[in-house]
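Welcome! Here is a short tour of a structure that may be new to you. Take a look at it first, and then we will walk through some of its residues and helices.

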Amino acid sequence: MPKTTVVIPNYNGIQYIEECLNSIYRGTVVPEVLVVDNGSGDGSLELVKERFPQTHVIAFEENYGFCKAVNAGIRAAGTEYVLLLNNDTVADKEMIARLEATLDEIPQAFSAAAKMISLYHPKQLDGAGDFYCALGWAYSRGKDQPVERYSEPGRIFSSCAGAALYRRSVFEKIGYFDENHFAYLEDMDIGYRANIYGYDNRYVPDAVVYHAGSGVSGSRHNAFKVDLSSRNSIYLIYKNMPLVQLLINLPFLMVGYLIKLLFFTAKGMGGVYLKGVCKGIGLSCSKEGREHKVHFRMKNLKNYLWIQVQLWINVGRRLM
């Protein structure tokens with residue numbers, strides 16, 4: 001029986017989905033594969049059914065977002081591990097085996113992140129694990145840097161859900177992906193939550209995947225992404241930081257959000273950014289948002305201390 005179910009959320013991914021699935025089935029480990037379609041209208045769902053009949057499919061009638069799609073896939077999986085994989089990726093044949101080996105070896109690990117390389121610029125990294133800092137910024141370590149860098153495995157703050165293996169049983173303990181996010185920063189949120197509960201997130205550099213990046217939503221900075229990301233960045237802080245930690249980080253957060261505002265204003269999207277921030281405040285104050293708040297527990301104090309040290313250290317890492 002396979003250890004892993006690959007869950008691929010798909011929305012109008014006809015340009016990428018065939019090669020993505022081909023790469024999975026060419027691998028040295030043959031997992032269960034489940035495509036969760038978010039109401040695609042480009043023929044990609046039909047392509048999957050026709051050319052990959054061995055692939056399981058969950059089909060929604062409309063686009064419910066990344067979080068609802070992957071949650072449906074995780075709940076439908078019957079394997080020990082679940083690999084979340086973007087539809088605009090091409091996996092190395094050893095990727096799954098090497099991610100599985102990491103979770104097998106480290107029982108306290110919740111997730112294992114692949115080394116993501118740019119599909120169109122294969123000498124550049126797309127990401128070597130995700131980090132979060134006291135400025136309120138989430139970022140991909142190594143983005144656009146030479147692919148030879150970040151060759152050592154180790155603990156990271158969070159795994160990018162574009163190509164990461166998760167221990168399925170832990171979701172029952174810490175919760176699933178928060179569907180209030182819809183998309184963007186949902187993987188940082190669940191990685192943050194795992195840290196609070198005392199689980200690790202690991203980076204596995206010899207597990208390689210090639211990623212097109214913004215394959216469905218468009219360019220790196222577009223109105224849709226800026227609006228959702230800024231909204232979710234506020235919600236992420238509200239959910240995961242106890243009041244004392246929020247007050248400790250408040251000066252950093254104010255500087256971080258001011259820098260972001262200036263950055264997006266220069267790109268002509270300052271209004272979009274501010275609108276998203278206001279939406280994030282509204283979501284955090286709503287009943288729906290409050291229901292997902294991670295409440296402080298004294299038994300997790302040492303985990304909060306580790307997180308706080310990382311928030312400060314990662315400011316320096318991000319600005320270097």
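S230 counts as buried because its relative accessibility is 2%, where buried means under 20% relative accessible area, exposed over 50% and partly exposed in between, with a 1.4 Å probe and protein chains only. This is a predicted model, in which local features need pLDDT of at least 70, side-chain atom pairs count only at pLDDT 80 or more, and totals for chains, interfaces and linings use all residues. Residues are numbered from 1 along each chain as its sequence is written, and side-chain values use heavy atoms, leaving out hydrogens and water.

**Around S230**
- S230 sits in helix α7, residues 223–240; helices (H or I, at least four residues) and strands (E, at least two) are DSSP runs numbered from the N terminus.
- The S230 side chain reaches the backbone oxygen of D227 at 3.1 Å.
- Not counting residues up to four places away in sequence, S230 touches V272, Y273, G276 and V277, a contact being heavy atoms within 4.5 Å.

**Around N201**
- You will find N201 in strand β12, residues 200–211.
- N201 has 0% relative accessibility and therefore counts as buried.
- Between N201 and I156 there are 5.6 Å in space, C-alpha to C-alpha, although the two are 45 residues apart in sequence.
- Beyond residues up to four places away in sequence, N201 touches several others, including F110, S111, G154, I156 and A194.
- A polar atom of the N201 side chain lies 3.0 Å from the backbone oxygen of F157.

**Where α6 meets α11**
- Helix α6 (residues 186–196) and helix α11 (residues 301–319) have axes that come within 8 Å and cross at roughly 130°; axes are lines fitted to C-alpha atoms, for helices over the stretch in contact, and angles run from 0 to 180 degrees between N-to-C directions.
- Y192, N195 and I196 of α6 make the contact with N303, Y304, W306, I307 and L311 of α11.

**Around Y304**
- Y304 belongs to helix α11, and it counts as buried because its relative accessibility is 5%.
- Leaving aside neighbours within four places in sequence, Y304 is in contact with I196, N240, P242, Q245, V294, H295 and F296.
- The C-alpha atoms of Y304 and N12 are separated by 40 Å, and these residues are 292 apart along the chain.

Key
A polar contact is a pair of N or O atoms within 3.5 Å; within protein, one must be able to donate a hydrogen and the other to accept it, and residues adjacent in sequence count only if both atoms are side-chain atoms.
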